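Dear colleague,

Please find below the structure that I am handing over to you. My notes on the contact between its chains follow directly after it.

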Protein chains: 2
Amino acid sequence: MTQHIQPPTSTASSRIYDILRKDLVGGRFAAGEKLAINALKEQYQVGLSPLREALNKLAAYGLLIQENQRGFRVPTLSRNELDDIAQMRLALEGMAFEQAIVHGDAAWEADLLAAEHRLKCADMTLDKDDEWERLHTQFHRTLVAPCGSVWLLRFIEQLHDQFDRYRRLGPRMPTVRQELDQQHHELVALAMKRDGQAARALLDDHIRTSYDVALQCFLSHSR
Amino acid sequence: MTQHIQPPTSTASSRIYDILRKDLVGGRFAAGEKLAINALKEQYQVGLSPLREALNKLAAYGLLIQENQRGFRVPTLSRNELDDIAQMRLALEGMAFEQAIVHGDAAWEADLLAAEHRLKCADMTLDKDDEWERLHTQFHRTLVAPCGSVWLLRFIEQLHDQFDRYRRLGPRMPTVRQELDQQHHELVALAMKRDGQAARALLDDHIRTSYDVALQCFLSHSR
DNA sequence: ATTTAGTAAAAAATCGATTATTTACTTGGC
DNA sequence: GCCAAGTAAATAATCGATTTTTTACTAAAT
């Protein structure tokens, strides 16, 4: 008997939401830019209603600024905000990782190994970075997944998107990426050793290293 | 010369958003309920487009669940989620309050005194609770306002809305409210004394007390 | 020179109607 | 009686057009 698996239903609205989210995080729009809805409509070949619904969701999510009667703008970037985001990542991801180490089971360890391996392989074989970004996001999601708090995971995801707006301003830096990949590997090792102390310390390092990268991106970009 | 202050522009979409947010937090809709968009349209006397835009925003904010091709539902309630929300409030509001005590200036102290006084007076004179809820929210917002992190404030606000969905399931309890009001008063006192340790301890107590209330509300409601 | 008022163009928001999808119901087969 | 397929009704999503508001531009007035 065949399983009647529904093709994961999507709507024009949800599709354009995903695309715009990716493009906003990836820096395809300039910070502060005013979005020309009609232009987007053409560019993405989508109707006005689903487009507006997606923009509304993105505004509630924090990837757009909505001003009554004057449409949608891409949020500006500032060093203060980057610092804020990095600080929050340190606090929330640290908290989540510690809990994940307490509660994560064998399946989690397997997921971690798999995610780390996929990430390590991706950046060698692939030219385009989209795939690396996806796997990188997935790795960090896995790291904190079993923390036990739905809301904590939600906030962390949101902060990642915000953080990546800064980090992805700049070009890829192979040297730094190698260092980060090394940290990814060690994070998995410490997590599996259930060494909460050391793991959290390393995660702090990792976030701070990423922060340095993002800050460089931001500074050279705003000059 | 007269200042040309624009009447704070609003749109049908933003108005219905505010109303629905209030009604969702206030428990006017049953948990798990499927929203009948056409009914809402009539009930709130609003067009379909602004209504849908508001619902999309509320879903992104977490006060609604959106499922592709099957509209919007009110999120269900569960003890696990209440625990999660309360835990997160403890962590995030504690963090924010400590920072607020470090960075808050004289203007903050004034705001605190004012917010506390307004709240204390409100529950005596007013019959309807809407005003008390508004002032209570405002008090807690003031408490953490100068914490220095826009994102932290944003998350805390979101958690408050979620928490209140549970707390406002039940009837008003004058006895408990008196205890909470007492804590509000002491929170202000400790904040102004800049006693971060004690202040945070009391805020923890305060949240735990509120949690007990909310839990009772939830338990008796789900029975 | 700067403001003020007026107007045309552009853009945002909303409406009314249409299309697509799901849900509820019915009927026929086993 | 119970499941499956088919159909009708209900609902969600989307489209195309209209209305409202803002913005950009011009010209007159202080």
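Across the interface of chain B and chain A, 22 residue pairs are in polar contact, both residues being at pLDDT 80 or more. A polar contact is a pair of N or O atoms within 3.5 Å; within protein, one must be able to donate a hydrogen and the other to accept it, and residues adjacent in sequence count only if both atoms are side-chain atoms.

This is a predicted model, in which local features need pLDDT of at least 70 and side-chain atom pairs count only at pLDDT 80 or more, while totals for chains, interfaces and linings use all residues. Residues are numbered from 1 along each chain as its sequence is written, chains are lettered from A and ligands numbered from 1 in the order in which they are written, and side-chain values use heavy atoms, with hydrogens and water left out.

Two salt bridges are counted between chain B and chain A (a side-chain nitrogen of Lys or Arg within 4 Å of a carboxyl oxygen of Asp or Glu). Arg52(B) and Glu53(A) form a salt bridge through their side chains, at 2.6 Å from N to O.

The contact (heavy atoms within 4.5 Å) draws 32 residues from chain B and 32 residues from chain A. Of the interface residues of chain B, 100% are also interface residues in chain A, so the copies meet through the same surface.

Together the two chains bury about 2,800 Å², 56% of it on carbon and sulfur atoms; buried area is the accessible area (1.4 Å probe) that two parts lose on being put together, summed over both.

Yours sincerely
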